[in-house]
Amino acid sequence: MPSACDSLIDDIEDMVSADDPTPQERQYARKSIIPRARKRNTQQTTEVLQADSVIPGMQKIWMRTWGCSHNNSDGEYMAGQLAASGYRMTEDPAEADLWLLNSCTVKNPAEDHFRNSIKKAQEQDKKVVVAGCVPQAQPRMDYLKGLSIIGVQQIDRVVEVVDEAVKGHSVRLLGQKKNNGKRLGGARLDLPKIRKNPLIEIISINTGCLNACTYCKTKHARGDLASYPVEELVERARQSFQEGVCEIWLTSEDTGAYGKDIGTDLPTLLWRLVEEIPEGAMLRLGMTNPPYILEHLEEMSKILNHPRVYAFLHVPVQSASDSVLMDMKREYCAGDFRRVADFLKDKVPGITIATDIICGFPGETDADFQETCDLVKEYRFPSLFINQFYPRPGTPAAKMDQVPAQVKKQRTKELSTLFHSYNPYDHKIGETQQVLVTEESFDAQYYVAHNKYYEQVLVPKRSEFKGKMFEVEIFEAGKHFLKGRPLDGHEVFTPSIAEPLQKGEVSGLTQTMSAMMTSRLEDIFTLSVDLSRQPIQSHDDEQEQLSLGQNGSVPSSGVLTAAWSPWSLDREGLKLLSISLAVVAILVVFMWEKLH
């Protein structure tokens, strides 16, 4: 059935009458048209940019990490992802646009420092993002209100959180990573990272633990045990050695419990890792609680005797009183600790056993404390971490009857005096030892090396020694260190199989960078479109909306299409667009340098 329009017009040519000008006449008429100049507002215009107008990825970020090796590893991963995404990491908090604060919840003083840093950042009008165990365990604390939070298992999403924070938004990611309902060890191990020390790779082999210690707040943050598969850990170690690393630290809340949730164990992992360690490179095992290492003593003694594994083990005893250990719910007795220490000292000659002790746990009597002092006298630990008890909010120990503060302080002082009453290294003067240099001393006067027993040996600060293994003669011993003199004419060995990365250089860039940066550039280009659409506010309150697409419209996808032309923008739009394109160009150059 013909439409009403069809009944009036049989052909499109019928719309043109005989009196209308021909196309040639129209073209001739255009030549005589004089364009009238548009009267422009001569008053200065001011751009009104909303928070969303900020382009993320170009800001400077300062990061501070407190706490254990596991937390430091998380910090390295977060720094690497941010740098790989275009952000600039800085060591100067004053010049940073955003502070990323990676917290520790083990002790009150660490949390106090964290809280004070937040306050200081806010006083300086810095953007703040918090991470680590404190916000994971207590995200509703008053001083965390309005802040963006990265959960301990969400560090692979740090770029998303920081992107939103620099735009003025608050984002909180606190969930657990799971696969088919089973909790995972955490973020992927092949993410970009910036090693604090390019010679040392810190690998978290598992997160959480199997215990429920009554004083521990970390359990609230890290949760139950979740281990990484052996193959993923071996691959991470292999990649690290290919980037010039010469020392690997294995870390977790309890390395001895590794694998119990996935049907494997710590010795199985260690034997696989030993196969990957180049000659001269070393592996250091992290903290393990007595109950789980007891199951593997024979195998562990063989591993600790391996020439590429430090004969060092950190086994926290916390107290030598069985009644105190029971109140702590440590799941072992003092006799179990002695069995571990005695067996390893017998089977691994010269082994260093480090331990932790808590002074003034609720209910600890003078007799309990004396048992602990007797243990220290018996074993003369060369490395002893003494901690005055602090009740952590939300833990069972915080509700127990507390030891008076003055008594806790006195016991801490007494134990510290006992520890400093002996010199564990005096008998080593005159020995010849092989050492590996990985660090610089705090006073910058020496290089720091470690011998087979992970004892600290200070050597002359010569550039040719950094990252090298060589022999020294021990000529001086202090409470916490030895001093070594390099032997004349002895070979200086390089354990690294590749040139180490430069300080601040991103690890793992080539494996993950392509996809990440493609997505990143798309995001920034999309943001440049959004920027150029911002209204321009003039002094006479007249608003003009810039048009980007055909007929003044913007493509529904939010990304420019091929039909778009920059000539449809006015001067202000072109200025904003040129700035945005310059940002993209800078990022491309930055990534080209990193990849080549």
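Lys 193 sits in the loop between β9 (182-183) and β10 (200-204). Keep in mind that this is a predicted model.

**Around Lys 193**
- The Lys 193 side chain makes a polar contact with the side chain of Glu 201, at 3.3 Å.
- Setting aside residues up to four places away in sequence, Lys 193 touches a list of residues including Ser 73, Glu 76, Tyr 77, Arg 236 and Glu 505.

**The sheet**
- Three strands make up an open, parallel sheet, ordered β10-β13-β14.
- β10 and β14 (282-285) are the edge strands, each pairing on one side only.
- From one strand to the next, the twist averages 20 degrees.
- β10 and β13 (residues 247-251) run parallel and are joined by 5 bridges.
- Across that pairing, Ile 200 stands opposite Glu 247 in β13.
- Helix α3 (residues 69-84) packs on the sheet and touches β10, β13 and β14, with its direction at about 105 degrees to that of β10.

**The cores**
- The largest nonpolar core has 74 residues, and Leu 100, Ile 150, Val 162 and Leu 250 touch the most other members.
- Helix α6 (residues 158-166) gives the most to this core, with 6 residues.
- Beyond its neighbours within four places in sequence, Val 162 is in contact with Ile 61, Leu 82, Tyr 87, Leu 98 and Val 129.
- Another core, of 17 residues, lies apart from that one and includes Trp 99, Cys 104, Tyr 143 and Leu 147.

How values were computed:
Residues are numbered from 1 along each chain as its sequence is written. This is a predicted model: local features need pLDDT of at least 70, side-chain atom pairs count only at pLDDT 80 or more; totals for chains, interfaces and linings use all residues. Side-chain values use heavy atoms; hydrogens and water are left out. Helices (H or I, at least four residues) and strands (E, at least two) are DSSP runs, numbered from the N terminus. A polar contact is a pair of N or O atoms within 3.5 Å; within protein, one must be able to donate a hydrogen and the other to accept it, and residues adjacent in sequence count only if both atoms are side-chain atoms. Contact means heavy atoms within 4.5 Å. A nonpolar core is a set of buried Ala, Val, Leu, Ile, Met, Phe, Trp, Tyr and Cys residues joined through side-chain atoms within 4.5 Å. Buried means under 20% relative accessible area, exposed over 50%, partly exposed in between (1.4 Å probe, protein chains only). Two strands pair if DSSP finds at least two bridges between them. Axes are lines fitted to C-alpha atoms, for helices over the stretch in contact, and angles run from 0 to 180 degrees between N-to-C directions.
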